[in-house]
Amino acid sequence: MADPLVSVIIANHNYAAYLSQAIDSVLTAGDAIELIVVDDGSRDDSRALISRYGTQIRSILQANAGACAARNAGLA
């Protein structure tokens, strides 16, 4: 894949119920989009759900540090 035109960061903490809908929405938006999903120490099924997407997304799994830290990790 060529360099993406747009990077989308999804910061997640215990929102497995909505996460696949958010990821699928971004993935259907086009090929020039890079999707970075940052899981901020979720205790629900979020991490298992994220792993099912494999190489379609970039995933960052971190200990709970808060929303700002999750967004900053995605930017980094």
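Author: The questions below take up some terms used for this predicted model.

Reader: What makes the length of helix 1 agree with its number of residues?

Author: Helix 1 covers residues 16-27, which is 12 residues, and at 1.5 Å a residue the span should be 16 Å. The C-alpha atoms at its ends are 17 Å apart, which agrees.

Reader: How do you know that the buried residues of helix 1 line one face?

Author: The buried residues in helix 1 are Ala 16, Leu 19, Ile 23 and Val 26. Viewed down the helix axis, they fall within an arc of 75 degrees, so they line one face. Residues three or four places apart in an α-helix point the same way, because there are 3.6 residues a turn. Ala 17, Tyr 18 and Gln 21 are exposed on the other side of helix 1.

Reader: Why is Tyr 18 called exposed?

Author: Its relative accessible area is 55%, and exposed means over 50%.

Reader: What do the buried residues of helix 1 pack against?

Author: They pack against strand 1 (6-12), strand 2 (33-40) and helix 2 (46-51). Leu 49, for one, touches Ala 16, Leu 19, Ser 20 and Ile 23, not counting residues up to four places away in sequence.

Reader: Why is the aromatic pair of Tyr 15 and Tyr 18 called tilted?

Author: A search of the whole structure finds 1 aromatic pair. The ring centres of Tyr 15 and Tyr 18 are 6.2 Å apart, and rings pair if their centres lie within 6.5 Å. Their planes stand at 50 degrees; under 30 degrees would count as stacked and over 60 as edge-to-face, so the pair is tilted.

Definitions and conventions: Residues numbered from 1 in each chain as written. Predicted model: local features only at pLDDT ≥ 70, side-chain atom pairs only at ≥ 80, totals over all residues. Heavy atoms only, no water. Helix = DSSP H or I, 4+ residues; strand = E, 2+ residues; numbered from the N terminus. Expected span 1.5 Å × (residues − 1). Buried < 20%, exposed > 50% of the residue type's maximum accessible area, 1.4 Å probe, protein only. Arc of directions from axis to C-beta. Contact = heavy atoms within 4.5 Å. Phe/Tyr/Trp six-rings, centres within 6.5 Å; stacked < 30°, edge-to-face > 60°.
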